[in-house]
Amino acid sequence: MKILISNDDGYQSEGIKVLVKYLAKDHEVVVVAPNENKSASSSSLTLNRALKPIKIDTNIYSIDATPSDCVHLALCGFLEDTFDLVVTGINFGANLGDDVIYSGTVAGAIEGRFLGLPSIAISLASWEGKNFESAGRVISQIVSQIHTSQLSHDTVLNVNVPDVAYEDIKGFQTTRLGKRHMSEASIQDKDDSNAYWIGENGKEADNGVGTDFHAIANNYVSVTPLQIDLTKYNEIDTVSVWLDQIK
């Protein structure tokens, strides 16, 4: 296959280098990724300035842009290539539960799906980052079998890999997104009392059996099928009745 690779940690990050290493063994890969860390950029697109891809090496491009920008331009702009698959990652840190709303890595995969390609986001679920090679082997396995899947056209796979040696991974689990508590309080900047840093993610709230949190905690690879349609269908009638009362 011909695979478009991107991420939100930047084209020089360890995760994307490992991703290329493993997928390039059996596939043709092209990297179009941010020039620096763009974590938590979600699905933002840059519309207030032109974006200039810079060729770093053969099939490696860097852009001062978000992951969604990178995937969008690669599929709709400066490349003439026809791709079969989009893979984003390997993210440094987990994308579990509510994280997927903010994640640039997941957003890059969603952009690929918006543009008609099967897409996978993969993350190493730790801030220690000791076992990117394990994640590389996992994504190689998944990609080698993606052609056999019967996934619908609007599905994105969100993969999280425990940060352990490959031999210590217990297997794969299909999971749902867990939930976090409210995020931690913002932190006042030590040099400027009028400036604040965004607080850390909230602690795990829903992390029971079947969730992505539970799979990772028990050394399983978590594979969560995500849908792009955010409509809450079971509330449509409730909202309709309410609106009828205020007309």
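Author: A disulfide is a covalent bond between the sulfur atoms of two cysteines. The structure discussed here is a predicted model.

Reader: How many disulfides does the structure hold?

Author: To count as a disulfide, a pair of cysteine sulfur atoms must lie within 2.5 Å. The sulfur of C76 is 13 Å from the closest cysteine sulfur, in C70, which is too far for a bond. C70 is in no disulfide. The number of disulfides in the structure is zero.

Reader: Is C70 buried or exposed?

Author: A residue counts as buried when its relative accessible area is under 20%. The relative accessibility of C70 is 0%, so C70 is buried.

Reader: What is the relative accessible area of C76, and what does C76 count as?

Author: Partly exposed residues fall between the cut-off for buried, under 20%, and the cut-off for exposed, over 50%. C76 has a relative accessible area of 47%, so C76 is partly exposed.

Reader: Why is strand β1 described as largely enclosed?

Author: Strand β1 covers residues 2–6. K2, L4 and S6 point one way from the strand, while I3 and I5 point the other way, and all are buried. In a regular strand, side chains alternate between the two faces of the sheet. β1 is largely enclosed by the rest of the structure because the buried residues number five of the five.

Reader: Which residue of β2 is the bridge partner of K2?

Author: Strand β2 spans residues 28–34 and runs parallel to β1, with four bridges joining the two. The partner of K2 in β2 is E28.

Reader: Which residue of β5 stands opposite I3?

Author: β1 is also joined by four bridges to β5, a parallel strand made of residues 85–92. In β5, the residue opposite I3 is L85.

Reader: Where is T175 found, and is T175 buried or exposed?

Author: T175 is in the loop between β8 (171–174) and β9 (179–180). Its relative accessibility is 7%, so T175 counts as buried.

Reader: With which side chain does the side chain of T175 make a polar contact?

Author: Leaving out residues up to four places away in sequence, T175 touches several residues, including G210, D212, S222 and T224. The polar contact has a distance of 2.6 Å, and the partner of the T175 side chain is the side chain of T224.

Notes:
Residues numbered from 1 in each chain as written. Predicted model: local features only at pLDDT ≥ 70, side-chain atom pairs only at ≥ 80, totals over all residues. Heavy atoms only, no water. Buried < 20%, exposed > 50% of the residue type's maximum accessible area, 1.4 Å probe, protein only. Polar contact = N/O pair within 3.5 Å; in protein donor to acceptor, adjacent residues only side chain to side chain. Contact = heavy atoms within 4.5 Å. Pairing = 2+ DSSP bridges.
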